[in-house]
Amino acid sequence: MTRPLPDDLLQIPHRRDLPFSKLTTLGVGGLCRWLFEPTTELEAQAFVRACAREGLPWRVLGGGSNLVVLGDIDALVLRLALPKTPHREGNRLTAPASHGHIALAEAAAATGLSGLEFASGIPGSLGGAIRMNAGAYGREWVEVLDRYRFLTPAGDMVEKAPEAGEFHYRWSFLTSGHVVLSATANLVEGDPAAIRARVAEYREKRGTSQPLSKRNAGCIFKNPPGQSAGRLIDQAHLKGLRIGDAEVSPEHGNFLVNHGHATAAEFAELMERVRTRVREVHGVDLEPEVEIWRE
Ligand code: EPU
């Protein structure tokens, strides 16, 4: 961003030139030139309105757990820093979008509410999970989503219940320039011991099939309809393929891991090599599941 930013934007808490290696779980990428961290919904709204008014490009960052950054990012980056307190009313649990996703699943379990066990191993922020309609073990967010509040690209604040067509497998309309502010899950009373047992079972499954001890960005590609990207990559003998410190996990084919000093270019090349080989072997075009930021 070469031109000076307007004063109303600069009043919103922000930091400059932070490495994406510290803002993402994968740990690659260049510099985040501008990181805006509003502490209230109204500040977030002021950010979006100012960007819309000035025609400034911007993006939303959540927990950085589903993101591959391939270079420096000059666009303004918004990361909500709202107070992290969930609120229970009956069987409904509401939390701000910047709440940790796993922490929310744990809070639900701790208060005896069932329905978010599937979320207990999915890292990142609640906002990111809603935006991507995150899921695991046959469940996904839209099934428990009661209401959600968000900003439109123009900065209008909307609160509503989900409707048909708004959420699909690992996709929602929110991916195009909207900001999730908060979400309410509609859960059911459950036996705390049974909830804990389900959480432990999911964790155990993830721990044995996914490379959780290495830096990663979760599953890299979407599962093509009726197929498993991990299995397709595995069958194409790509597990263990390594470029520098970037490797196709030997544990799960759909995870790429950073052994320490991998670069964005290495990840870009590794993703391309995997896609090309899977196309050659299976005739299937894999689509990224992670979000990719290029500039
Ligand atoms: N498989 C292989 N080789 C591999 C990996 C998997 O043969 O290298 C086989 C497994 O044996 C299994 C099948 O493929 O028969 C499916 O594998 P898995 O159960 O690990 O699930 P997945 O389809 O690869 C999905 C989600 C994960 C989620 C798990 C558990 C996607 C792209 N992935 O993985 O979500 O944790 O189910 O529910 O939808 C993510 O979204 O980032 C993510 C990791």
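Predicted model: local features only at pLDDT ≥ 70, side-chain atom pairs only at ≥ 80, totals over all residues.
Is D17 buried, partly exposed or exposed? At 36% relative accessibility, D17 counts as partly exposed, where buried stands for under 20% relative accessible area, exposed for over 50%, and partly exposed for what lies in between, with a 1.4 Å probe and protein chains only. Residues are numbered from 1 along each chain as its sequence is written, and side-chain values use heavy atoms, with hydrogens and water left out.

Let me take the whole chain before the single residues. The secondary structure of the protein chain comes to eight helices and 21 strands; these are DSSP runs, with helices being H or I over at least four residues and strands being E over at least two, and they are numbered from the N terminus. The radius of gyration is 19 Å, which agrees with the value near 19 Å that a compact globule of 295 residues would have; that radius is taken over C-alpha atoms, and the globule rule is 2.2 Å times the number of residues to the power 0.38. Along the principal axes, the C-alpha atoms fill a box of roughly 55 × 50 × 35 Å.

Of the 295 residues in the protein chain, 49% are buried. If we take the contacts with a separation of 6 or more, 66% of them are accounted for by residues 24 or more positions apart, a contact being heavy atoms within 4.5 Å. The accessible surface of the chain comes to about 13100 Å², and 51% of that belongs to carbon and sulfur atoms; the areas come from the Shrake-Rupley method with a 1.4 Å probe, and for residues only the protein chains shown count as cover. As for charge, there are 34 positive and 36 negative side chains, with the centres of the two sets 2 Å apart. In that count Lys and Arg are positive and Asp and Glu negative, whereas His and the chain ends are not counted, and each charge is placed at NZ of Lys, CZ of Arg, CG of Asp or CD of Glu.

Now back to D17, which lies in strand β1, residues 14-19. R170 is another non-glycine residue with a positive phi, near 50°, and R170 is found in the loop between β13 (167-168) and β14 (171-172). With a relative accessible area of 18%, R170 is buried.

G30 is found in the loop between α2 and β2 and is buried, with a relative accessible area of 17%. Leaving aside neighbours within four places in sequence, G30 is in contact with L18, P19, F20, V69, G71 and D72.

T24 lies in the loop between α2 (20-23) and β2 (31-36), and with a relative accessible area of 4% it is buried. The side chain of T24 reaches the backbone nitrogen of G27 at 3.1 Å. Not counting residues up to four places away in sequence, T24 touches G64, L67, V69 and R215.

Two side-chain pairs come next. E117 lies in the loop between β8 (113-114) and α5 (126-131) and, at 5% relative accessibility, counts as buried. Its side chain makes a polar contact with the side chain of R198 at 2.8 Å; by polar contact I mean a pair of N or O atoms within 3.5 Å, where within protein one must be able to donate a hydrogen and the other to accept it, and residues adjacent in sequence count only if both atoms are side-chain atoms. Beyond four places in sequence, E117 touches I195, R198, V199 and Y202.

The other pair involves R279, which lies in helix α8, residues 264-282, and which counts as partly exposed at 37% relative accessibility. The side chain of R279 makes a polar contact with the side chain of D285 at 3.3 Å.

I will finish with V60, in strand β3, residues 58-60, a residue that is buried with a relative accessible area of 19%. V60 and L78 are 18 residues apart in sequence and 4.8 Å apart in space, C-alpha to C-alpha. Not counting residues up to four places away in sequence, V60 touches L78, H178, V179 and W293.
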